[in-house]
Amino acid sequence: MKITRRTVLRLTGAAAASLALSSCSASGSAILGSNFSSWIQQTLGISSSGAASSAASSEDMAASSLAAAEQPAASVAALPAYDADPLTGEAKRSNGRIVGVMVNNISNTSRQNARPQRGLSSADLLIECKVEGGITRFCAVFHDADSIPEIGPLRSGRDQFLQLLMPYQALYYHDGESAACTKFISVYNYSGLNIGGKSYFNTPTHPHVAHRDSRGRDVAYEHTEFTSGKEIRQAASNAGIGLKYDYDTTFFRFADYRTGEENAMQGASSGRTVSITHSDHYKTSFRYDPQARTYKMQMYSRISGKFENTVDELNAKQLSFDNLLVCFAPIERYSGDSGDVQQVSYISGGDAYYFSRGAVQHGRWEKASPEHPLLVYDKTGAQMLFNRGKTYLAIVDDDEWSSFSYQ
């Protein structure tokens, strides 16, 4: 297993990671001082004295869970080897490296407005999470660079997205990043796959390639940057980064494409409409389309004061997904002078709601460390079975649980 083997080789001990994080400092940013050491120990779920045993148990957990997800049952032993697309669970389309692109989602005023975005309908996985000031941001994740159209507006990186991509050796593409994001990149030696980052802590950087387009609107300059698969390939080539990767695991546990298996959501509660609140002005909702068997996406616009269809400016199509996954987590601002940059306590785990086929299953998610995958379990303790296709993943603050609804 690539992921678990890499974890063994590179996690020489969570105590060492904590020490490395706490020893770094950056001038003018109190976020990177001693408070960060306490935070990272909580995030990794260990103290320095218990690091080795904690890392070992986390490794065993991830290895056994991934093995269970990936090994075909004895009844399908005669089938071809399982070789699924890592993001959709369909038959693999290429041996490309996964690419995650940070996309702006601000919608506060006519000048502070990134919508409608371009290229989101082509993403295999779309991740949304709060970043700062109540604003959410997207990470659009693609199975390879060749599948990426023009996309943007491009925005800066945040560690809550990076931590979801790290286990898959994905290319992380953005323009700028928070100091906390750079710290994760530095400690976990991820600079080789990070394009568009900052050089805090003497971390090596690789410049991104992009272009500007105001789209004929009076919009702030920071919301006018776009990139594309061609430009991403150029940036990767400039940095000497390979865009091929032979994945032997998937992001979620998908129904087996070889047999036509499906999670029919038998006995599950109705989940045809879903309402997610990230903050007072950033809310996302979905309505199930039984004919297409997909969920159509809307977002609340502070500018218009109402929900609007989330469309891709490239094709005017409303975004739709086969699967929705809503994960509740403790989210709070980093301590010190962080500019309200938010941190997600992944080590805490939390409630997970999986929506597909117009129904919902309630379970739990876990993520043992930044280099371990996010795993989702149903009420029996088995890994949740996802239907093949595109997925929207929301990481939502526990404090917004009371505003979450579905029916």
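**View 1. Val101 and its neighbours.** Val101 touches Phe138, Cys139, Ala140, Phe142, Ile148, Ile151, Leu154, Tyr173, Thr227 and Ile232, leaving aside residues up to four places away in sequence; contact here means heavy atoms within 4.5 Å. This is a predicted model, in which local features need pLDDT of at least 70 and side-chain atom pairs count only at pLDDT 80 or more, while totals for chains, interfaces and linings use all residues. Residues are numbered from 1 along each chain as its sequence is written, and side-chain values use heavy atoms, with hydrogens and water left out. Val101 is also, with Leu325 and Ile395, among the residues with the most contacts inside the largest nonpolar core, which has 91 residues. Such a core is a set of buried Ala, Val, Leu, Ile, Met, Phe, Trp, Tyr and Cys residues joined through side-chain atoms within 4.5 Å. In soluble globular proteins, nonpolar side chains tend to be buried together.

View 2. Across the whole structure, a search finds 23 aromatic pairs. Phe252 and Phe254 make an edge-to-face pair, because their ring centres are 6.1 Å apart and their planes stand at 80 degrees. (Rings of Phe, Tyr and Trp, the last by its six-membered ring, pair if their centres lie within 6.5 Å; planes under 30 degrees apart count as stacked, over 60 as edge-to-face and the rest as tilted.) Both Phe252 and Phe254 are buried, a label for under 20% relative accessible area, with exposed over 50% and partly exposed in between (1.4 Å probe, protein chains only).

**View 3. Charges over rings.** Look for the charged end of Arg118 over the ring of Phe226, 4.7 Å from its centre. The charged end of Lys283 sits over the ring of Tyr300, 5.7 Å from that ring's centre. To qualify, NZ of Lys or CZ of Arg must be within 6 Å of the ring centre and within 35 degrees of the ring normal.

**View 4. Ser107 in its loop.** Ser107 lies in the loop between β1 (99-103) and β2 (125-132); strands are DSSP runs of E, at least two residues, numbered from the N terminus. With a relative accessible area of 2%, Ser107 is buried. Its contacts, not counting residues up to four places away in sequence, are Gln112, Asn113, Arg115, Tyr282, Ser301, Arg302 and Ile303.

Notes
Helix = DSSP H or I, 4+ residues; strand = E, 2+ residues; numbered from the N terminus.
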